2 protein chains.
Amino acid sequence: MSWITVMGFVAGTCTTAAFLPQVAKMFLTKKTQDISLFMYIILATGVLLWTIYGFINEDIPLLLANGITLVFVCSILVLKLRHG
Amino acid sequence: MSWITVMGFVAGTCTTAAFLPQVAKMFLTKKTQDISLFMYIILATGVLLWTIYGFINEDIPLLLANGITLVFVCSILVLKLRHG
């Protein structure tokens, strides 16, 4: 595997894992007022489309990274809608 | 252009534009307490790596989408560091 491919994997891991601290923070504090609801609605739409795009193109890394990100982004969306 | 390519462009536009409402909200309210600093540090790292990856692979859509997203994510990071 080339170092460019490795860089792609590291990049994908970062942009997916990044949402976990936000999920944890919202879950523990139940404070979500400063979070933009609009951001997560648009983001969930985009990540869902990337997931479908990855599925159609049989692009496993793209499908996997976006599928997992979608779970985190939807969790943030649910916590935002619950706690306002 | 196939509808799958169009879907990719729509997906990229969504995952980039999504950060704008959060930048605007933070800029206007100056309230950033519920935002996870750790999320945006990891995300900025990941998006920077995607930008370099797009540059090396001469993948213009990937380079453009991540380059613009990087500006938004760094803006959120600066606002978070400024307002706590």
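This is a predicted model: local features need pLDDT of at least 70, side-chain atom pairs count only at pLDDT 80 or more; totals for chains, interfaces and linings use all residues.
Helices here are DSSP runs of H or I with at least four residues, strands are runs of E with at least two, and both are numbered from the N terminus. Residues are numbered from 1 along each chain as its sequence is written, chains are lettered from A and ligands numbered from 1 in the order in which they are written, and side-chain values use heavy atoms, with hydrogens and water left out.

Chain A to begin with. It has four helices and zero strands, so from the N terminus on the order is α-α-α-α by that DSSP definition. The C-alpha trace of chain A spans about 45 × 25 × 15 Å along its principal axes. Of its 84 residues, 43% count as buried; buried means under 20% relative accessible area, exposed over 50%, and partly exposed in between, with a 1.4 Å probe and protein chains only.

Next, the surface. Leu48(A), Ile52(A), Phe55(A), Ile56(A) and Trp3(B) make a nonpolar patch of about 520 Å². A patch takes residues with over 30% relative accessible area and no salt bridge, joining like charges within 9 Å and nonpolar side chains (Val, Leu, Ile, Met, Phe, Trp, Tyr) within 5 Å. A salt bridge is a side-chain nitrogen of Lys or Arg within 4 Å of a carboxyl oxygen of Asp or Glu. Areas come from the Shrake-Rupley method with a 1.4 Å probe, and for residues only the protein chains shown count as cover. The largest share of the patch, four residues, comes from α3(A). Leu48(A) lies in that helix and is partly exposed, at 41% relative accessible area.

In chain B, Phe55(B) sits in helix α3 and is exposed at 60%. Its C-alpha atom is separated by 27 Å from that of Leu37(B), 18 residues apart along the chain. Val71(B), in helix α4 of chain B, is exposed at 51%. The C-alpha atoms of Val71(B) and Ala17(B) are 54 residues apart along the chain and separated by 11 Å.

Last, which residues lie nearest the centre of the largest pocket? They are Trp50(A), Leu62(A), Trp50(B), Leu62(B) and Asn66(B), out of 40 lining residues. Elements giving two or more residues to this lining are α1 (3–17), α3 (37–56) and α4 (60–83) of chain A, and α1 (3–17), α3 (37–56) and α4 (60–83) of chain B. A pocket is an open set of points on a 1 Å grid over the protein atoms alone, where a 1.4 Å probe fits, with protein on both sides within 12 Å along at least five of seven lines; lining residues have an atom within 4 Å of a point.
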